[in-house]
Amino acid sequence: MLSPADFIVSEINAGIFMLDREYRVLLWNRFMAHHSGLESEAAIGRNLFELFPELPQKWLVKKIDSVFVLKNFAFTSWEQRPYLFRFQHNRPITGGIDYMRQNFTFMPMRDESGEVEAVVVTLLDATDSAIYQTMMQGAMQKLEESSNRDGLTGVFNRRYIDARIFDEIQRIQRYQAVPFSVVLLDLDHFKRINDTYGHLAGDEVLREVARRVQPGLREPDVFGRYGGEEFILILPQTDIEGARAAAERIRFAIGSETIVSGDEHIAVTASLGVAEFAPPFATAAEVTQAADEALYQSKHAGRNRVSVYVAQQSKVG
Amino acid sequence: MNDQLLLTPDQRDALQEVTNIAMGQAGAQLAQILEVFVQLSVPRINITESANIAGNILQLVGTPQSVTAIRQAFSGTLRGEAMVVYDENGCRDLADLMGYEDDIDRDSERELLLDVGNVLVGACLNGIAELLQAKLSFSAPTIMAENVEVGRLINPQQLTWNYALLVEVHFTLEVRDFTCHLMTLMPEESIVALKSALDAFMENF
Amino acid sequence: MPTPILVVDDSVMARKMLIKALPAGWDVEITQAGNGLEALAAYREGKAEVMFLDLTMPELDGYGVLETLQAEGLNSFVIVVSADIQPLARERVRQLGALAFVKKPVEPTQIESILREYGIAL
């Protein structure tokens, strides 16, 4: 009959095995046998790396040797190294991951003289925590995303845009990168649209404008709603002429067709202001202020147009 | 504070020496891994109040900077947590010294920090335990924080103890701008156990 | 006549441990010092025919003591007692004129064999 200790080692729902200095298996419990398909009689006395050629030998040898030399516990976690053995896990249907996630502990077993005679290895199945953590990360990311997004239009919100402008400025100051430009966009007579067609139609117009702008954007461009009927576009590594051209394309995309809301066909145009982040600008506020001044010129000059901010010549004398 | 928690001057001196010996072993192992000479510090010992822990850690690290830290729990005769705090350059230097190429990925870097931390914690605490005839076991180290301000490493509101013993040693490399701090924190009931272990140790001399 | 020996360590505990590890029959007169400056003062008073010297100490560390002694022409048997067991630490103190290196915690047998080797005691 097995002693209680032997019984527990054999039957516990965790992998336990033991290796000598030559990586030969000295003990192989039922969990290991069950998951590897290799009975303990077949494993004992054999070299671990011959039995499992898929193991990362170079790395694992170093780990095991360190336990013999340093006489210290060693660990590996699924978070850095998902698995060592290609074992099936107990969530074959709903898991969504390939092999059992594994946490290992390597323990020095000392003889009477204090020398390490064997390394005992335990394997804990971490698949459930891995799945849980993956799910949680997904949820966190969605939450993070949603707090960067404008609820109505789905484009970035002002908080996010401000942070991105800040990032761009830092990048330029750190790496002397090519400047970026900012385009501010305001829908013309939006109040009249709301008054005439109602707020639901107004919301639909905002959503449709956001949809029409996006196909014309490059990958690094950042587009968001800046508040009310105002949108903003950051164009990294774009000078004022490039930004003016982009703004013209956007103006055209918005005004090219009427927007349909219910039975109504609503004509929409936008006024745009463009500014480049270049000396003497040093802050986000200065460059958006400049774009806002250009936008004001567009409005003042009759709307549905693009204006570019030109720095005032410093007065001499 | 309960006087029972205060170390007598003799106990403090003994703990300092025991830590110093254990640290020598840890330093030698670090030197062996990295193949460079490791400079050892004089151990610093404090009783800290949980509300002041952030400030105490900041003081031990010296300058406010962003750090990466691992933590590892130990239990047995003594119970507590050890942290290894790597300074900003520490992680990169470590990868470099261990012969990794430039493009070490994040997971390998984390694994490296965990492994080196585990060696330091194991060598140091096993050394102390051996001298004091205490028995310790260790749980797996985990990443505590990456690139956070050192003053924000521990949130005092999450702590369940009022006083803890904080023992700090640090290792610097002669040839590099690398420092890591090993901090061991033991809560109240462990301080009492430690004090009697120190008393028993001192009886031998 | 007893041999004047000096035990230098910032830790009282460490000094006690070292003194406990000295050979039982050795006729000595023990002086203790808590840092390198105290050690040099005691040395100049002729209290250190044999010096047991720790390395990490406040004020002046063990390396500093060795450097000073070397600069002034060393005529003391210095045995470094340190927890720093890196081979390079051992080599450095040898180059600075230390006779031997003993690792902490000190083993009585180790001390005795060094003393015998150099014909210092017994």
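Trainee: Leaving aside neighbours within four places in sequence, which residues is V84(B) in contact with?
Mentor: Keep in mind that this is a predicted model: local features need pLDDT of at least 70, side-chain atom pairs count only at pLDDT 80 or more, and totals for chains, interfaces and linings use all residues. Residues are numbered from 1 along each chain as its sequence is written, while chains are lettered from A and ligands numbered from 1 in the order in which they are written. With contact taken as C-beta atoms, placed from the backbone, within 7 Å, the partners of V84(B) are A69(B), I70(B), G117(B), L120(B), V121(B), C180(B) and L182(B).

Trainee: Which element gives the largest share of the core?
Mentor: That's the largest nonpolar core, with 121 residues (buried Ala, Val, Leu, Ile, Met, Phe, Trp, Tyr and Cys joined through C-beta atoms within 7 Å). V84(B), L120(B) and C124(B) touch the most other members. The largest share, 13 residues, comes from α4(B).

Trainee: How many residues are in the second, separate core?
Mentor: Look at chain A for some of its members: V209(A), F223(A), I232(A) and V306(A) are included. The size of this second core is 44 residues.

Trainee: Back to α4(B): at what angle do its axis and that of helix α1 of chain B cross?
Mentor: Axes are lines fitted to C-alpha atoms, for helices over the stretch in contact, with angles from 0 to 180 degrees between N-to-C directions. Helix α1 covers residues 9-34 of chain B, and helix α4 covers residues 106-132. Their axes come within 8 Å and cross at roughly 145°.

Trainee: How many nonpolar residues does the contact of α1(B) with α4(B) have?
Mentor: On the α1(B) side you'll find V18(B), I21(B) and L30(B), among others, and these meet an α4(B) set including V116(B), L120(B) and C124(B). Ala, Val, Leu, Ile, Met, Phe, Trp, Tyr, Cys and Pro count as nonpolar, Asp, Glu, Lys and Arg as charged, and the others, Gly among them, as polar. The contact has no charged residues and 4 polar ones, and its nonpolar count is 15.

Trainee: What share of chain B counts as buried?
Mentor: Chain B has 5 helices and 8 strands, taken as DSSP runs numbered from the N terminus (helices H or I, at least four residues; strands E, at least two). A residue is buried if 20 or more other C-beta atoms lie within 10 Å of its own, exposed if 12 or fewer, and partly exposed in between. Of the 205 residues of chain B, the buried share is 46%.

Trainee: And in chain A, what percentage do buried residues make up?
Mentor: Chain A comes to 11 helices and 12 strands. Its length is 317 residues, and the buried part is 33%.

Trainee: Why does A275(A) count as buried?
Mentor: A275(A) lies in strand β11, residues 270-276 of chain A. Its contacts include S181(A), V182(A) and Y309(A), and its C-alpha atom is 4.8 Å from that of A291(A), 16 residues apart along the chain. A275(A) is buried because its C-beta neighbours inside 10 Å number 27.

Trainee: Which elements give two or more residues to the side of chain A that touches chain B?
Mentor: Here 10 residues of chain A are in contact with 12 residues of chain B. The chain A side divides into 4 nonpolar, 5 polar and 1 charged. The elements you want are β3 (74-76) and β4 (102-110) of chain A.

Trainee: Where does the largest share of the side of chain C that touches chain B come from?
Mentor: That contact takes 16 residues from chain C and 19 from chain B. By class, the chain C side has 8 nonpolar, 4 polar and 4 charged residues. The largest share, 6 residues, comes from helix α1 (residues 12-20) of chain C.

Trainee: Which are the edge strands in the chain C sheet?
Mentor: The sheet is open and parallel, with 5 strands in the order β2-β1-β3-β4-β5, where pairing takes at least two DSSP bridges. β3(C) and β4(C), for instance, pair over 4 bridges, and V50(C) has F77(C) as its bridge partner in β4(C). Pairing on one side only, the edge strands are β2 (28-33) and β5 (100-103) of chain C.

Trainee: How many C-beta neighbours inside 10 Å does G36(C) have?
Mentor: G36(C) lies in helix α2, residues 36-44 of chain C, and touches M57(C), L60(C) and V65(C), among others. The C-alpha atoms of G36(C) and G62(C), 26 residues apart along the chain, are separated by 6.3 Å. G36(C) counts as buried, and its neighbour count is 25.

Technical notes:
Two residues are in contact if their C-beta atoms, placed from the backbone, lie within 7 Å.
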